[in-house]
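Q: I would like to learn how to read a protein model, one feature at a time. Could you walk me through this one?

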Amino acid sequence: MKAKIGEIKESAIKEIKTSENLQNLNDIRVMYLGKKGKLTEILRSMGELSAEERPVIGSIVNEAREEIEKLINEKTEELKKKELDEKLKNEKIDVTIPGKKFKRGSKHPINRVIEEIEDLFVSMGYDVVTGPELETDEYCFERLNLPKGHPARDMQDSFYITNEYVLRTQTSAVQARTMMNNKEKTPIRIICAGKTYRREDDATHSHQFNQVEGLVIDKKENNVSLADLKGTLEVFVRKMLGKNSELRFRPSYFPFTEPSYEVDVTCFKCSGKGCNLCKSTGWIELLGAGIVHPNVLKMNGYDPDKFSGFAFGTGIDRLAMFKYGITDMRYLYTNDIRFLSQFDRKDEE
Ligand code: PHE
């Protein structure tokens with residue numbers, strides 16, 4: 001029996017030594033030390049031995065078992081290390097391979113213009129405010145001195161959702177909102193940019209467009225005048241379209257300002273000489289503006305004897321078109337990446 005144990009041990013050692021993977025090593029463990037393994041079998045058959053032989057053989061089996069176990073454990077470590085080494089070798093990372101370039105979007109030209117306008121007016125002490133795009137008839141028209149049935153509403157023939165709700169046709173609605181929201185009726189200096197909607201659709205008009213609105217209201221004794229309006233718009237237009245831009249005020253009509261003006265700017269393409277862009281006039285119509293109508297002050301809680309101010313509004317899309325030389329307004333809304341990526345300004349990176 002001793003010889004048999006010796007043989008088993010020798011063959012186990014040989015197999016462990018030549019084993020090449022963990023699965024195989026586990027099979028060896030089962031084959032020799034498992035419940036039905038070769039050494040276990042010997043222990044089971046010890047009943048046949050004499051009482052003197054049993055402890056001797058028992059201890060030889062245990063020794064052999066311990067030795068095999070030890071070898072298997074050592075080999076396991078060795079194989080595990082080998083496996084890891086191989087894995088690491090195969091997964092070698094070449095840090096010199098150039099990285100994948102992250103494709104970055106670019107700011108939409110409309111948003112560029114809005115941010116530029118907001119920055120400018122914030123630097124002059126204005127607050128940036130917003131208002132809802134789905135507006136009430138009351139704020140879009142009535143509180144701006146345009147009661148129901150007023151002929152000036154025709155110009156803004158629009159998207160009514162119900163009789164009372166309309167997609168706002170002008171950011172001027174925010175004028176009324178700001179005055180009404182200001183419960184203390186303190187002076188106001190705001191700029192508000194955002195989307196507006198009208199039933200229009202051609203190369204220079206879109207059913208959805210953007211406007212920016214400015215409103216200044218101050219105490220009467222501070223004499224906010226047309227001169228202030230003109231100076232403000234000059235700063236604005238020169239910042240946006242070039243420092244040589246000149247302004248021309250033409251009398252006009254808006255229900256919420258009196259007097260009212262259409263403000264033209266010298267054509268930046270021909271510098272006022274006359275070209276196809278300005279239709280040979282040298283001027284381009286740019287803004288609506290005027291002195292806030294006393295009715296509007298009154299309707300929105302300001303005493304026209306104590307307060308006065310000016311307001312102006314302009315189309316941001318038109319400004320963007322002039323600024324960047326865009327020929328069709330619809331390009332601004334088709335989200336074509338070939339168009340939009342042209343406005344990715346490297347100097348902002
Ligand atoms: N809301 C006017 C428009 O859309 C423009 C405007 C704004 C005129 C403010 C005067 C004062 O045509």
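A: Let us begin with helix α1 (residues 2–18) and α4, which pack at an angle of about 0° with their axes 10 Å apart. Keep in mind throughout that this is a predicted model.

Q: How are α1 and α4 oriented, roughly parallel or roughly antiparallel to each other?
A: Two packed helices are described by the angle between their axes and the distance between the axes. An angle under 35 degrees counts as roughly parallel, so α1 and α4 are roughly parallel to each other.

Q: Which residues in α1 and α4 meet?
A: From α1 come K2, I5, K9, A12, I13, I16 and K17. Their partners in α4 are V56, I57, I60, V61, A64, E67, I68, L71, I72 and K75. By class, this contact has 12 nonpolar, no polar and five charged residues.

Q: Let us turn to the other helix pair. At what angle do the axes of α2 and α4 cross?
A: Helix α2 (residues 22–33) and helix α4 (residues 53–90) have axes that come within 10 Å and cross at roughly 170°. An angle over 145 degrees counts as roughly antiparallel, so that is how α2 and α4 are described.

Q: What residues of α2 meet α4?
A: L22, L25, R29 and L33 in α2 do. The residues of the contact of α2 with α4 divide into six nonpolar, two polar and six charged.

Q: Now for the sheet. In what order do the seven strands lie?
A: Strands of a sheet pair through backbone hydrogen bonds, either parallel or antiparallel. Here the order is β1-β4-β5-β9-β8-β7-β6, in an open sheet with mixed pairing. The edge strands are β1 (127–128) and β6 (247–254), each pairing on one side only.

Q: Which helix packs on the sheet?
A: That is helix α5 (residues 109–123), which touches β1, β4 (188–197), β5 (208–219) and β9. The direction of α5 makes about 170° with that of β4.

Q: How many bridges link β7 and β8?
A: Strand β7 (residues 257–266) pairs with β8 over eight bridges, in the antiparallel sense. You can look for V265 opposite I284 in β8, and for S260 opposite G290 in β8. With strand β9 (residues 307–315), β8 forms five bridges, again in the antiparallel sense. There, A289 stands opposite F312 in β9.

Q: How many of the residues of β8 are buried?
A: Strand β8 (residues 283–292) is mostly covered, with eight of its 10 residues buried.

Q: Let us look at the backbone. What is the peptide bond from E258 to P259, cis or trans?
A: Most residues other than glycine have a negative phi, and most peptide bonds are trans. The bond from E258 to P259 is cis, with omega near -5°, and P259 is found in strand β7.

Q: Where do N145 and K279 lie?
A: N145 lies in the loop between α6 and β3, and K279 lies in the loop between β7 and β8. Although N145 is not a glycine, its phi is positive, about 70°. K279, also a residue other than glycine, has a positive phi near 50°. N145 is buried, with a relative accessible area of 17%, whereas K279 counts as exposed at 70% relative accessibility.

Q: How many disulfides does the structure hold?
A: The structure holds zero disulfides. The sulfur of C140 is 12 Å from the closest cysteine sulfur, in C192, which is too far for a bond. C270 is in no disulfide either, as the nearest cysteine sulfur, that of C267, is 3.6 Å away, and a disulfide needs sulfur atoms within 2.5 Å. C140 counts as buried at 0% relative accessibility, and C270 is buried with a relative accessible area of 10%.

Q: To finish, what is M180 in contact with, leaving aside its neighbours within four places in sequence?
A: Its contacts are Y139, R143, K185, M299 and N300. M180 lies in helix α7 (residues 173–181) and is partly exposed, with a relative accessible area of 23%. The C-alpha atoms of M180 and Y302 are separated by 9.0 Å, although these residues are 122 residues apart along the chain.

Note on methods. Residues numbered from 1 in each chain as written. Predicted model: local features only at pLDDT ≥ 70, side-chain atom pairs only at ≥ 80, totals over all residues. Heavy atoms only, no water. Axes fitted to C-alpha atoms, helices over the stretch in contact; angles between N-to-C directions. Helix = DSSP H or I, 4+ residues; strand = E, 2+ residues; numbered from the N terminus. Parallel < 35°, antiparallel > 145°, perpendicular 65-115°, else oblique. Contact = heavy atoms within 4.5 Å. Nonpolar A, V, L, I, M, F, W, Y, C, P; charged D, E, K, R; others polar. Buried < 20%, exposed > 50% of the residue type's maximum accessible area, 1.4 Å probe, protein only. Pairing = 2+ DSSP bridges.
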